[in-house]
Amino acid sequence: MSSADQHGDAETRASGNASPAEARPGADVAPAATPIPVEPTETVVAEQTLVVRRSPRYMSFMIVGAVIGALLALVLTVSYPQNPEFDPAQVFGFLLLGGVAIGVAVSCLVAIVLDRIVGRSATTVVVDRLDANITRAFEAPDPGSDPQPSNENS
């Protein structure tokens, strides 16, 4: 039920666009809260000197090595003639175990070598630790104004 229906105002009921202040005669209209621009302020808390260096992601290298080892095991199983003593699935399984293990080991060695080469180019930087204070976005409502009712039932 709208406020126009509650107060019996026929003109407001017909238009349907009236504000709640117009529906209640004599009600004081409080100005809407005006936004205050948000201005973050930063304060330098501390300065430190850090050494920044790049390093490879070892897990990525290990995964690539395992995939290459599995593909190599598949190629070796298909390319060589079948052995009468072993099923092709058994041959693939044995080669897969060895290929994945060797692929992971070789890729880890490559990652270690790259880490040693790239690790030489470390850079020293000075960093600041900042504390950010943000001002409030809206003013507090006047204590004398009516707060807008919340609609908890919808």
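Trainee: Which side chains meet in a salt bridge here?
Mentor: A salt bridge takes a side-chain nitrogen of Lys or Arg within 4 Å of a carboxyl oxygen of Asp or Glu. This predicted model holds one, with 2.8 Å from N to O. The side chains that meet in it are those of Arg53 and Asp115.

Trainee: Before we go on, what should I know about the numbering and the model?
Mentor: Residues are numbered from 1 along each chain as its sequence is written. Since the model is predicted, local features need pLDDT of at least 70 and side-chain atom pairs count only at pLDDT 80 or more, while totals for chains, interfaces and linings use all residues; side-chain values use heavy atoms, with hydrogens and water left out.

Trainee: How many residues apart in sequence are the parts that Arg53 and Asp115 tie together?
Mentor: Helices (H or I, at least four residues) and strands (E, at least two) are DSSP runs, numbered from the N terminus. Arg53 sits in the loop between β1 (41-52) and α4, while Asp115 belongs to helix α5, so the pair links parts whose separation in sequence is 62 residues.

Trainee: Is Asp115 buried or exposed?
Mentor: Buried means under 20% relative accessible area, exposed over 50%, and partly exposed in between (1.4 Å probe, protein chains only). Arg53, at 43%, is partly exposed. Asp115 has 12% relative accessibility, so it counts as buried.

Trainee: Which residues does Asp115 touch, not counting those up to four places away in sequence?
Mentor: Contact means heavy atoms within 4.5 Å. With that cut-off, Asp115, in helix α5 (residues 88-119), touches Arg53, Arg54, Ser55, Pro56 and Tyr58.

Trainee: What kind of aromatic pair do Phe86 and Phe94 form?
Mentor: Rings of Phe, Tyr and Trp (its six-membered ring) pair if their centres lie within 6.5 Å; planes under 30 degrees apart count as stacked, over 60 as edge-to-face and the rest as tilted. The structure holds one such pair. Phe86 and Phe94 are 6.4 Å centre to centre with 85° between the planes, making the pair edge-to-face.

Trainee: What pattern does the chain follow along the sequence?
Mentor: The secondary structure comes to five helices and two strands. Read along the sequence, they give α-α-α-β-α-α-β.

Trainee: What percentage of the chain's residues count as buried?
Mentor: The chain has 154 residues. Of these, the share that counts as buried is 8%.
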